[in-house]
Amino acid sequence: MSYKINSECTTCGTCKDSCPADAIKAGEPQYTIDPDLCIDCGTCVDTCPMKAIVEG
């Protein structure tokens, strides 16, 4: 199961910097997670200060 970034995202970049699979990309108005690249490790969930990443 991959993850999704919700509207609580403030585009701080913490999740993008922590993703070992480079699955998180800049988007408008928030970052997005490419489900084909996501390896379901959950690192982004743990590092997001806004708790904007949920199972998707």
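**Close-up views of a predicted model**

**View 1. The largest cavity has a volume of about 80 Å³.** This is a predicted model, in which local features need pLDDT of at least 70, side-chain atom pairs count only at pLDDT 80 or more, and totals for chains, interfaces and linings use all residues. Residues are numbered from 1 along each chain as its sequence is written, and side-chain values use heavy atoms, with hydrogens and water left out. A cavity is a set of points, on a 1 Å grid over the protein atoms alone, where a 1.4 Å probe fits but cannot get out; lining residues have an atom within 4 Å of a point. Points are joined across faces, edges and corners, and the volume is the space filled by probe spheres set on them. The lining includes Y3, C19, A23, I24, I33 and D40. It divides into nine nonpolar residues, one polar and one charged. Here Ala, Val, Leu, Ile, Met, Phe, Trp, Tyr, Cys and Pro count as nonpolar, Asp, Glu, Lys and Arg as charged, and the others, Gly among them, as polar.

**View 2. The second largest cavity has a volume of about 60 Å³.** The whole structure holds two cavities of 30 Å³ or more. Fourteen residues line this one; C9, T10, C12, C15 and C48 lie nearest its centre. The lining has 10 nonpolar residues, four polar and no charged.

**View 3. C15 sits in the largest nonpolar core.** Such a core is a set of buried Ala, Val, Leu, Ile, Met, Phe, Trp, Tyr and Cys residues joined through side-chain atoms within 4.5 Å. Buried means under 20% relative accessible area, exposed over 50%, partly exposed in between (1.4 Å probe, protein chains only). The core has 14 residues, and Y3, I5, C15, I24, I33, C44 and I53 touch the most other members. Leaving aside residues up to four places away in sequence, C15 touches I5, I24, C44, T47 and I53 (contact: heavy atoms within 4.5 Å).

**View 4. The model has zero disulfides (pairs of cysteine sulfur atoms within 2.5 Å).** C12 is in none; its nearest cysteine sulfur, that of C48, is 6.1 Å away. C12 is partly exposed, at 47% relative accessibility. The sulfur of C19 is 6.1 Å from the closest cysteine sulfur, in C41, too far for a bond. C19 is buried, at 18%.

**View 5. K25 and D22 form a salt bridge.** The count is one (a side-chain nitrogen of Lys or Arg within 4 Å of a carboxyl oxygen of Asp or Glu). The N to O distance is 3.3 Å. K25 is partly exposed, at 33%. D22 is partly exposed too, at 41%.

Methods
On a 1 Å grid over the protein atoms alone, a cavity is a set of points where a 1.4 Å probe fits but cannot get out, and a pocket is an open set with protein on both sides within 12 Å along at least five of seven lines; lining residues have an atom within 4 Å of a point.
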